[in-house]
Amino acid sequence: MRSADLLQLSFRAIRAQRLRSFLTLLGIAVGIAAVILLTSIGEGIHRFVLGEFTQFGTNNITVVPGKTRTGGAPSGLPSSARPLSSDDARALEHLPQVIALTPNVRGNAEVQGNGRTRRTLIYGLNSRSTVVFRSQLQSGQFLLPEDDQEGARALVVLGAKLKQELFGAANPLGQRLRIGGLQFRIIGVMAPKGQFLGIDLDDTAFIPTARAQELFNRAGLDEINLTVADGVPAAGIARKIRQVLGERHGREDFTVVTQEEMLGTLSNILNVLTLAVGALGGISLLVGGVGIVTIMTIAVAERTGEIGLLVALGARRRNILLLFLGEAIALSALGGLIGLALGMSLAQLLHWALPALPVNTPLSFILLAESLAILIGLVAGVLPARRAARLDPVEALRSE
């Protein structure tokens, strides 16, 4: 029997029982739709989170005070971790392959300007922070190198939203701003940057690090951020940072986090999340597969006479096996296509209704889901097809 004849017979059998075939493939369609919808949400969140972390570049290193990974029993004594200092930052600044570095102090304070008051986030940075964080100016200028030292001038650069909230369309450059109890002069406005994990980067004010320490009455730094040259392994720079700071502190009471490590860990967690939600949708596929087994078993019982007639006319057992396998695969493949269309439509509809929820359906997920549907049809059709192929033609014709 030719392949075309087998295919024709399979589709003819499906068309002959349209309602039953539709209900059977509906089980697969619902399973594939669930898999596509859930994995689209998981992949969308995956890409959104990675995009948030890579908007500042992919070769950044952060040093924070305190050791986050420790061993042994707790001593019960308060932590004696030494805070990071401006001298630590200056010692790291001259490491080879370090393009830019900024000591970072942050806090929340009340800002008064143009007769308006707003409580917002204040960042203490240096003149190289625009390189480290890949930020750009909208107007005016950023902090200059002479403001990186002790006794820095009281200058402030406003985030785009903060400028709009305080000054509207007016030009704020040169005007005075009161932050906490200190007076600052506005020298620039940053271009819009958006949000980072829910933190509005535009609703901020940037002042020299030394001024931020004075404002928040803080001697140490919250963290030190570095960016290294493209193509340079961050792990090598991290070792040098540990060596320099270890010599200065006498022990490793700080933590160095490279962006490669952070993104690697984050990506692994998000991959597990995507697989987990996909597996939940896979339960529906399993139910659909059981439905195909049931329907194909009933079909074999109903078409015993037809099987006997085909064998009597010269069809080999292999042809009977392929005939029922083809029918099961056709059912699952059609169900998979309907499920793909349904799942992708639901994903886009969900994104339209909830724009803040990112969804993404990669082509690889679509191909994998359809292949999975076909595989389930193949596996589900094996037992009924083998049963049909092993029927005794004489007994089959007699039963008819």
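Helix α2 (residues 18-54) and helix α11 (residues 363-389) have axes that come within 10 Å and cross at roughly 150°. So α2 runs roughly antiparallel to α11, the term for angles over 145 degrees. The crossing is right-handed: the near helix is turned clockwise from the far one by less than a right angle. From α2, Ile28, Ile32, Ile36, Thr39 and Glu43 make the contact; from α11, Phe365, Ile366, Ala369, Ala373 and Ile376. Contact means heavy atoms within 4.5 Å. Eight of these residues are nonpolar, one is polar and one is charged.

A word on sources. This is a predicted model, where local features need pLDDT of at least 70 and side-chain atom pairs count only at pLDDT 80 or more, while totals for chains, interfaces and linings use all residues. Residues are numbered from 1 along each chain as its sequence is written, and side-chain values use heavy atoms, with hydrogens and water left out.

Now the cores. A nonpolar core joins buried Ala, Val, Leu, Ile, Met, Phe, Trp, Tyr and Cys residues through side-chain atoms within 4.5 Å; buried is under 20% relative accessible area (1.4 Å probe, protein chains only). The largest has 41 residues, and Ile179 and Ile241 touch the most other members. Helix α7 (residues 234-249) gives the most, six residues. Another core lies apart, with 29 residues, including Ile14 and Leu285.

Last, lysine 67. It sits in the loop between β1 (60-65) and α3 (86-93). Beyond four places in sequence, lysine 67 contacts Glu252, Asp253, Phe254 and Thr255.

Definitions and conventions
Axes are lines fitted to C-alpha atoms, for helices over the stretch in contact, and angles run from 0 to 180 degrees between N-to-C directions. Helices (H or I, at least four residues) and strands (E, at least two) are DSSP runs, numbered from the N terminus. Angles under 35 degrees count as roughly parallel, over 145 as roughly antiparallel, 65 to 115 as roughly perpendicular and the rest as oblique. Ala, Val, Leu, Ile, Met, Phe, Trp, Tyr, Cys and Pro count as nonpolar, Asp, Glu, Lys and Arg as charged, and the others, Gly among them, as polar. Buried means under 20% relative accessible area, exposed over 50%, partly exposed in between (1.4 Å probe, protein chains only).
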